[in-house]
Amino acid sequence: GMFAILGFLEIQGCKKPGTPALIAARPGLWAVSLALLFGIVMEVVQHYLIPNRFGSVYDLIANAAGCFAGLGLAKWLIR
């Protein structure tokens with residue numbers, strides 16, 4: 001759920017006035033890409049830098065599913 005909210009809010013931020021045209025043209029692509037990058041970084045940090053924690057491919061898949069759920073929610077609310 002957290003990544004769905006993150007993706008949704010990033011899409012809303014990418015559509016604000018003053019956003020570069022490249023980003024404003026495809027806000028969903030940029031928002032999902034940034035949220036996925038954040039998810040990857042968090043899994044790597046958990047695995048290598050936090051004692052007694054480990055990164056998981058399954059967590060990364062769940063993060064990606066949340067990102068796409070946020071994208072779907074944003075598209076649904078826009079209609």
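The protein exposes about 5,600 Å², of which carbon and sulfur atoms supply 72%; accessible areas come from the Shrake-Rupley method with a 1.4 Å probe, and for residues only the protein chains shown count as cover. This is a predicted model, in which local features need pLDDT of at least 70 and side-chain atom pairs count only at pLDDT 80 or more, while totals for chains, interfaces and linings use all residues. Residues are numbered from 1 along each chain as its sequence is written, and side-chain values use heavy atoms, with hydrogens and water left out.

**Overall architecture**

- The protein contains four helices and zero strands, where helices (H or I, at least four residues) and strands (E, at least two) are DSSP runs numbered from the N terminus.
- Along the sequence, the pattern reads α-α-α-α.
- Taken along the principal axes, the C-alpha atoms fill a box of roughly 45 × 25 × 15 Å.
- Of the 79 residues, 28% count as buried; buried means under 20% relative accessible area, exposed over 50%, and partly exposed in between (1.4 Å probe, protein chains only).
- Among contacts with a separation of 6 or more, 56% come from residues 24 or more positions apart, contact meaning heavy atoms within 4.5 Å.

**Nonpolar core**

- Eight residues make up the largest nonpolar core: Phe-3, Ile-11, Ala-31, Val-32, Ala-35, Cys-67, Leu-71 and Ala-74.
- The elements that give two or more residues to this core are α1, α3 and α4 (57–78).
- A nonpolar core is defined as a set of buried Ala, Val, Leu, Ile, Met, Phe, Trp, Tyr and Cys residues joined through side-chain atoms within 4.5 Å.
- Leu-71, one of the core residues, touches Ile-11, Gly-28 and Val-32 when residues up to four places away in sequence are not counted.
- Gly-28 is placed in helix α3 and is buried, with a relative accessible area of 16%.
- Not counting residues up to four places away in sequence, Gly-28 touches Ile-11 and Leu-71.

**Aromatic pair**

- The structure holds one aromatic pair.
- The ring centres of Phe-3 and Phe-38 are 6.0 Å apart and the planes stand at 40°, so the pair is tilted.
- Rings of Phe, Tyr and Trp (its six-membered ring) pair if their centres lie within 6.5 Å; planes under 30 degrees apart count as stacked, over 60 as edge-to-face and the rest as tilted.
- The pair links distant parts of the chain, with Phe-3 in helix α1 (residues 2–14) and Phe-38 in helix α3 (residues 27–49), 35 residues apart.
- Phe-3 counts as buried at 8% relative accessibility, whereas Phe-38 counts as partly exposed at 41%.

**Surface patch**

- Leu-34, Leu-37, Phe-38, Val-41 and Met-42 form a nonpolar patch on the surface, with about 440 Å² of accessible area together.
- Patches are made of residues with over 30% relative accessible area and no salt bridge, with like charges joined within 9 Å and nonpolar side chains (Val, Leu, Ile, Met, Phe, Trp, Tyr) within 5 Å.
- A salt bridge is a side-chain nitrogen of Lys or Arg within 4 Å of a carboxyl oxygen of Asp or Glu.

**Helix α4**

- Asn-63 lies in helix α4 and is buried, with a relative accessible area of 12%.
- Leaving aside neighbours within four places in sequence, Asn-63 is in contact with Phe-3, Gly-39 and Glu-43.
- Val-57, also in helix α4, counts as exposed at 57% relative accessibility.
- From C-alpha to C-alpha, Val-57 and Glu-43 are 8.3 Å apart in space, and they are 14 residues apart in sequence.

**Loops**

- Asn-52 is found in the loop between α3 and α4 and is exposed, with a relative accessible area of 81%.
- Although Asn-52 is not a glycine, this residue has a positive phi of about 65°.
- Pro-20 is found in the loop between α1 and α2 (21–25) and counts as partly exposed at 48% relative accessibility.
- Pro-20 and Phe-38 are 18 residues apart in sequence, and their C-alpha atoms are 21 Å apart in space.
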